[in-house]
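Here is a short report on one chain.

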Amino acid sequence: MKLLKLLFYTKCPLCKEREISIIARTPSRWGYSKCSCKHCESVFKINPFWLYISVAAAIIILVIVKKFIDLPIWIIVILICIICGLIDRFMPLEEDN
């Protein structure tokens, strides 16, 4: 159970418990997205700028890897998903009043 919590939940900046779902952290397309901690019930907002940065970084890496290293496309897609997931996981949270 601890491994699943480690993979699918991030720490709340206030109570330091792993109770914010990674799926809930995904920002909406045009504005701030909101997520909440299940433990302390604090609400946070996420700036979608970081999502755009992760997609741009993934596309740049795709172009560089495809140009210099001949890897199968499925490996490149997996690498892009990992990069976007890591950036999403460490996206800063802002407290919503």
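## Surface and burial

The accessible surface of the chain comes to about 6900 Å², with 69% of it belonging to carbon and sulfur atoms. Areas come from the Shrake-Rupley method with a 1.4 Å probe, and for residues only the protein chains shown count as cover. Of the 97 residues, 25% count as buried. Buried means under 20% relative accessible area, exposed means over 50%, and partly exposed lies in between (1.4 Å probe, protein chains only).

The model is predicted: local features need pLDDT of at least 70, side-chain atom pairs count only at pLDDT 80 or more, and totals for chains, interfaces and linings use all residues. Residues are numbered from 1 along each chain as its sequence is written, and side-chain values use heavy atoms, with hydrogens and water left out.

## Fold

The chain has 3 helices and 5 strands. Along the sequence the pattern reads α-β-β-β-β-α-α-β. Helices (H or I, at least four residues) and strands (E, at least two) are DSSP runs, numbered from the N terminus.

Take contacts between residues at least 6 apart in sequence: 43% of them join residues at least 24 apart. A contact means heavy atoms within 4.5 Å.

Strand E1 (residues 9–11) and strand E2 (residues 18–21) run antiparallel, joined by 3 bridges. Two strands pair if DSSP finds at least two bridges between them. Lys-11 has Arg-18 in E2 as its bridge partner.

The hairpin has 6 residues between its strands. Lys-16 takes a positive phi there, near 65°.

## Helix H2

Helix H2 covers residues 49–68, which makes 20 residues. At 1.5 Å a residue it should span 28 Å, and its end C-alpha atoms are 29 Å apart, which agrees. The expected span is 1.5 Å times one less than the number of residues.

The buried residues of H2 are Ser-54, Ala-58 and Val-65. They cover an arc of only 40° around the axis, so they sit on the same side of H2. The arc is that of the directions from the helix axis to the C-beta atoms. The face turned away from this buried side carries the exposed residues Ile-60, Val-63, Lys-67 and Phe-68.

## Loop E3–E4

Glu-41 lies in the loop between strand E3 (33–36) and strand E4 (43–46). Its phi is near 60°, a positive value in a residue other than glycine. Glu-41 is exposed, with a relative accessible area of 66%.

Ser-42 is also placed in the loop between E3 and E4. Is Ser-42 buried or exposed? Ser-42 is buried, because its relative accessible area is 13%. Not counting residues up to four places away in sequence, Ser-42 touches Leu-14, Cys-35, Ser-36 and Cys-37.
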